Structure formats: C-alpha cells, structure tokens
Amino acid sequence: MTRIPAEQLIGLHRRRVYNRNAPSDVVFCDVDGVLADFSSAFSELVASKFPELSLTHTSEVRDWYWKEHGWTAQHFAWGWRQVGKAENWWEQVKPLAPPEVFARIAALHTTVPIIFATARTISGGDSTQMQTIRWLEAQGIERPLVITRTSRAANGHSDKSDLAEIFQPRLVIDDAPDTVRKFARKGVTVLVPPWPYTEGLDKEFPNNVYRMPVLDALRFVG
Ligand SMILES: [Mg+2]
C-alpha cells in the first residue's frame, strides 16, 4: 500500500478539503479504473478476436491509449462494437478496488452525497445507468446515485467534466488523465489512483491533483 507523502497531506489540509464552506458537499467517484477493472474485461473481449493482444489489468496499463500494449484504433472500434451489442456487458466487469473500499463507500454514502459519475458507452440490454447501479449494489453499495455520460465515440471516450459546473464537487476521484486535467483546470481537487498511466498528473497540477490508493482517497471523503 502506497503511503501518501507528508507534503501531499499537508497540501490537502492547506486547501481545506474538509472545508464546510466548499461550494457543495458533493463528491464524484468514477467507476472504471477506480472501482471496476474495465481494462481486464475489455482486453479479454478484444483478445477473443485478436489473440496477439495481451490481457491488461488496470494497474498495469502504461499509457492511456494502450499503444505501448500494441493496441490500435481498429482494436478499440471492434471492441466497442461488441460492447454495443452485448447484453448488459458492464455488469460482468470485475471489481478493481479491494473489498474494504466498497465497504467504506457503503458506509460513507449514507451521509456524504457521493455521485458515481461514469462515462460508459451504451451496451445492449438495460441502460448503462441501470447496469452500473446493479453492479454497485452487487458490491454492497445500496441505492447508489449514478450519473452516466454515455458516448458513442469509436474510441469510447466522452466528457463528463461539464458536470463540475452543475454540481461543484468538493472532491473528485477519477483516473482518466484527460478528465483529471479538465476537472483540475476548473479548480476542482482530484484524487487519482496511482496507476502507471496517471504518473505525472500530480506534478502537472501540484495544487489540486494528488495520487493515492482509493482507500486513502476515501479518508478525505468523510
Ligand atoms: Mg475511469
């Protein structure tokens, strides 16, 4: 377990993460790459057609676009097309975070307004929101508040940073480098899991981006 360097902790307290005068109490928690191991599920799916691709657990992803892992736009496009056809594909993604994380969120979210904000692509079956609600409930988080920013882009990416203006979150937990940058530029404090592809984000935004395991990040949620 990575320890949070003292200067980061001091930085968080200086910025008064616990400040009751924050614009709102809302905390955003991302799902894929934070709670769910999207990378393993998606790479397993695509490797069924392109066996030369190796399976990639989120904690091993070196670059966000998976180029270093041999992926091309065609691989992604094929994968997203399958996701689009598969029945409730998002429900079979395995948990990424350890059980303690889900237990902690289950306890916290009864008193802290945690919004599970996710930019999942539309799949077959039920809405991505419904699938995500059921997935979180299967992890022990009852009646989660889920907002989905769905995307039909071939690369599967979409933007949810516009939600910052609506909800003014006091804290965001997210892993996607572009999303983290967009939130950080709006002055939002972002806590980022320490995966290889998030390296350097804290240096880029020394005042409001901090890398730490999700369990540590939850200490700042409540
Ligand atoms: Mg994510």
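Author: The largest nonpolar core has 48 residues, and Ile173, Val190 and Leu191 have the most contacts inside it. The model is a predicted one, in which local features need pLDDT of at least 70 and side-chain atom pairs count only at pLDDT 80 or more, while totals for chains, interfaces and linings use all residues. Residues are numbered from 1 along each chain as its sequence is written.

Reader: What makes a set of residues a nonpolar core?

Author: The term covers buried Ala, Val, Leu, Ile, Met, Phe, Trp, Tyr and Cys residues joined through C-beta atoms within 7 Å. In soluble globular proteins, nonpolar side chains tend to be buried together.

Reader: Which residues does Val190 touch?

Author: Not counting residues up to four places away in sequence, Val190 touches Val172, Asp174, Val180, Phe183, Ala184, Asn208 and Val209. Two residues are in contact if their C-beta atoms, placed from the backbone, lie within 7 Å.

Reader: Why is Phe220 called buried?

Author: A residue is buried if 20 or more other C-beta atoms lie within 10 Å of its own, exposed if 12 or fewer, and partly exposed in between. Phe220 has 20 other C-beta atoms within 10 Å, and is therefore buried. Phe220 is placed in the segment after helix 9 (214–217).

Reader: How do you know that the buried residues of helix 3 line one face?

Author: The buried residues of helix 3 are His75, Gly79, Trp80 and Val83. Seen down the helix axis, they fall within an arc of 125°, so they line one face of helix 3. The arc is that of the directions from the helix axis to the C-beta atoms. These buried residues pack against helix 2 (38–47), whereas the face turned away from the buried side carries the exposed residues Ala73, Gln74, Arg81 and Lys85.

Reader: How does the reach of helix 3 (residues 73–85) stand against its expected span?

Author: The expected span is 1.5 Å times one less than the number of residues. With 13 residues, helix 3 reaches 19 Å from its first C-alpha to its last, close to the 18 Å expected.

How values were computed. Helix = DSSP H or I, 4+ residues; strand = E, 2+ residues; numbered from the N terminus.
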